[in-house]
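Trainee: Could we go through this model together and check each label against its cut-off?

Mentor: Gladly; ask away once it is on the screen.

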Amino acid sequence: DIAAAKGTEIYAANDGKIIYYKKDSTGSNTCCIDQGSSVVTKYYHMSSFVSGLKVGDEVKKGQLIGYVGMTGLATGNHLHFMIVINGKNVNPLDYVTYDGSTPKKTITW
């Protein structure tokens with residue numbers, strides 16, 4: 001979970017195709033992006049979606065995909081960010097950094 005103020009912009013981690021972009025069964029506004037190479041990134045609890053984006057759209061790394069919120073079962077504003085590689089959840093903090101430094105691990109896109 002990444003704490004942030006409501007409405008903070010959320011950007012795609014890498015190029016990919018939106019495969020899920022709606023409210024899920026818990027009420028969380030959710031976006032899932034197939035990044036290719038058996039990698040999917042998931043973004044939960046968004047306050048709102050970006051107008052015009054939909055399932056099947058291609059997005060680019062750094063493209064705006066939504067806004068931080070606390071939809072679903074969240075108890076405070078934050079982004080629940082997940083990386084799934086070969087069908088298994090991995091620790092996203094191994095692959096991203098807050099300060100632009102080199103992450104512990106890299107993904108072969």
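Mentor: Let's start with burial: buried means under 20% relative accessible area, exposed over 50%, and partly exposed in between, with a 1.4 Å probe and protein chains only. One caution is that this is a predicted model, where local features need pLDDT of at least 70 and side-chain atom pairs count only at pLDDT 80 or more, while totals for chains, interfaces and linings use all residues. Residues are numbered from 1 along each chain as its sequence is written, and side-chain values use heavy atoms, leaving out hydrogens and water.

Trainee: Why does Tyr-43 count as buried?

Mentor: Its relative accessibility is 1%, and the cut-off for buried is under 20%, so Tyr-43 counts as buried.

Trainee: What makes Tyr-43 and Phe-81 a tilted pair?

Mentor: Rings of Phe, Tyr and Trp (its six-membered ring) pair if their centres lie within 6.5 Å; planes under 30 degrees apart are stacked, over 60 edge-to-face, and the rest tilted. Here the centres are 5.3 Å apart and the planes stand at 45°, so the pair is tilted. Tyr-43 lies in strand E5 and Phe-81 in strand E9, so the pair ties together parts 38 residues apart in sequence. Strands (E, at least two residues) are DSSP runs numbered from the N terminus. Phe-81 is buried too, with a relative accessible area of 11%.

Trainee: How many aromatic pairs does this rule give?

Mentor: The count comes to two. Tyr-21 and Phe-49 form a tilted pair, at 4.6 Å centre to centre and 55° between the planes. This pair links Tyr-21 in strand E3 with Phe-49 in strand E6, 28 residues apart.

Trainee: Are Tyr-21 and Phe-49 buried or partly exposed?

Mentor: Tyr-21 is buried, with a relative accessible area of 10%, whereas Phe-49 counts as partly exposed at 27%. Contact means heavy atoms within 4.5 Å, and beyond four places in sequence Phe-49 touches several residues, including Lys-22, Ile-65 and Tyr-67.

Trainee: What makes E2 and E6 edge strands?

Mentor: Two strands pair if DSSP finds at least two bridges between them. Three strands form an open sheet in the order E2-E8-E6, with antiparallel pairing. Strand E2 (9-11) and strand E6 (48-49) each have a single partner strand, so one side of each is left without a neighbour in the sheet. Two bridges join E6 to strand E8 (residues 64-67), and Ser-48 stands opposite Tyr-67 in E8.

Trainee: Which residues have the most contacts inside the largest nonpolar core?

Mentor: They are Ile-33, Tyr-43 and Ile-65, in a core of 20 residues. Strands E3, E4 (29-36), E5 and E9 each supply at least two of its residues, and the largest share, four residues, comes from E9. A nonpolar core is a set of buried Ala, Val, Leu, Ile, Met, Phe, Trp, Tyr and Cys residues joined through side-chain atoms within 4.5 Å. Leaving aside neighbours within four places in sequence, the contacts of Ile-33 include Tyr-43, Val-59 and Ile-65.
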